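Hi,

Here is the structure I said I would pass on.

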Amino acid sequence: MKILVVEDERKAAAYLRKGLVENGFVVDVAADGEDGLHLARTEAYDLLIMDVLLPGRDGWSVLAELRAAGRQTPVLFLTARDAVQDRVKGLELGADDYLVKPYAFSELLARVRSILRRGPARHAECLRVAELEIDHVRHRATRAGARLELTPKEFALLSLLARRPGEVLSRTVIAEQVWDMNFDSGTNVVDVHVRRLRSKVDDPFEKKLIHTVRGVGYVLEERP
Ligand code: CA
């Protein structure tokens with residue numbers, strides 16, 4: 001398994017490379033976005049581990065270019081701060097996962113293995129669940145071929161649910177990931193948006209995809 005690390009901080013890059021090599025990976029390192037993009041486009045990597053803040057071309061731009069070029073290589077972003085906006089932006093661009101610095105190497109390794117286990121098929125420039133199709137490049141969602149007119153928040157919410165099909169997401173998790181807020185029971189923003197999303201995704205169709213799990217949260221899945 002071959003991994004490209006795109007990281008401008010030398011020490012951090014060396015630490016990552018050492019740890020990954022010790023765990024049996026083949027590792028290349030690029031110190032800026034331009035080099036990273038060039039390598040990612042010309043070599044075959046199983047995974048990119050990329051810092052968001054890079055000199056010149058940032059990590060988002062590298063990812064966008066890569067996806068535009070049709071490269072589906074999974075990307076794990078390293079972000080300096082736990083900003084939900086950043087996570088949503090990366091998610092919408094088709095990143096696979098995030099890790100906030102500073103992180104424990106053992107956690108990084110677990111994420112890396114999890115992404116590699118999923119394989120390229122699950123990778124998502126374009127996500128498909130049942131008849132749903134979510135295109136993160138064009139920022140478009142369709143069900144059974146019909147375009148869904150979604151607000152940016154609804155799109156982010158649908159994307160979050162569709163990335164983890166069959167997994168019940170709590171209101172707390174949804175509020176954090178989509179709204180950058182701590183959920184408190186006084187607000188029903190999540191429920192309101194789920195209701196609006198359902199009116200577009202599920203109401204026109206017989207088969208419902210978004211389900212409420214009472215007392216827990218919401219799940220997107222196809223049920224028989
Ligand atoms: Ca950096």
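**What I found**

Let's start with Lys208, which sits in the loop between H8 and strand E11 (210–213). Bear in mind throughout that this is a predicted model. Lys208 is partly exposed, as its relative accessible area is 35%. Leaving aside neighbours within four places in sequence, Lys208 is in contact with Asp202, Asp203 and Glu221. If you follow the chain on to Pro224, 16 residues apart from Lys208, the two C-alpha atoms are separated by 10.0 Å.

Helix H8 itself holds His193. Is His193 buried or exposed? With a relative accessible area of 13%, it falls under the 20% cut-off, so His193 is buried. Not counting residues up to four places away in sequence, His193 touches Lys153, Glu154, Leu157 and Trp179.

Where they meet, 11 residues from domain 1 and 13 residues from domain 2 take part in the contact.

Now for the empty space. Rolling a probe the size of a water molecule over the atoms shows where such space is left. How many cavities of 30 Å³ or more does the structure hold? The count is 1, and about 50 Å³ of space lies in the largest cavity. Its lining is made up of Val88, Leu91, Glu92, Ala156, Ser159, Leu160, Gln177 and Val178. By class, that comes to 5 nonpolar, 2 polar and 1 charged residues. Helices H4, H6 and H7 each supply at least two residues of the lining.

**The nonpolar cores**

The largest nonpolar core has 30 residues, and those with the most contacts inside it are Leu158, Ile174, Val190, Leu197 and Leu220. At least two residues of this core come from each of these elements: helices H4 (84–93), H6 (152–163), H7 (171–179) and H8 (189–201), along with strands E6 (126–129), E7 (132–135) and E12 (217–220). The largest share, 7 residues, comes from H6.

Setting aside residues up to four places away in sequence, Leu220 touches Val129, Leu132, Leu158, Leu161, Ala162, Pro165, Gly166, Leu209 and Ile210. Apart from this core lies another, of 19 residues, with Leu37, Ala40, Leu54 and Leu91 among them.

**Backbone details to check on screen**

- The peptide bond from Lys101 to Pro102 is cis, with omega near -5 degrees. Pro102 has its place in the loop between strand E5 (97–100) and helix H5 (105–118).
- Ala130 has phi near 50 degrees, a positive value in a residue other than glycine. Look for Ala130 in the loop between E6 and E7, where it is partly exposed, with a relative accessible area of 38%.
- Ala144 also has a positive phi, near 50 degrees, again in a residue other than glycine. The loop that holds Ala144 runs between strand E8 (140–143) and strand E9 (146–148).

Cheers

Conventions
Residues are numbered from 1 along each chain as its sequence is written. This is a predicted model: local features need pLDDT of at least 70, side-chain atom pairs count only at pLDDT 80 or more; totals for chains, interfaces and linings use all residues. Side-chain values use heavy atoms; hydrogens and water are left out. A nonpolar core is a set of buried Ala, Val, Leu, Ile, Met, Phe, Trp, Tyr and Cys residues joined through side-chain atoms within 4.5 Å. Buried means under 20% relative accessible area, exposed over 50%, partly exposed in between (1.4 Å probe, protein chains only). Helices (H or I, at least four residues) and strands (E, at least two) are DSSP runs, numbered from the N terminus. Contact means heavy atoms within 4.5 Å. On a 1 Å grid over the protein atoms alone, a cavity is a set of points where a 1.4 Å probe fits but cannot get out, and a pocket is an open set with protein on both sides within 12 Å along at least five of seven lines; lining residues have an atom within 4 Å of a point. Grid points are joined across faces, edges and corners, and a volume is the space filled by probe spheres set on the points. Ala, Val, Leu, Ile, Met, Phe, Trp, Tyr, Cys and Pro count as nonpolar, Asp, Glu, Lys and Arg as charged, and the others, Gly among them, as polar.
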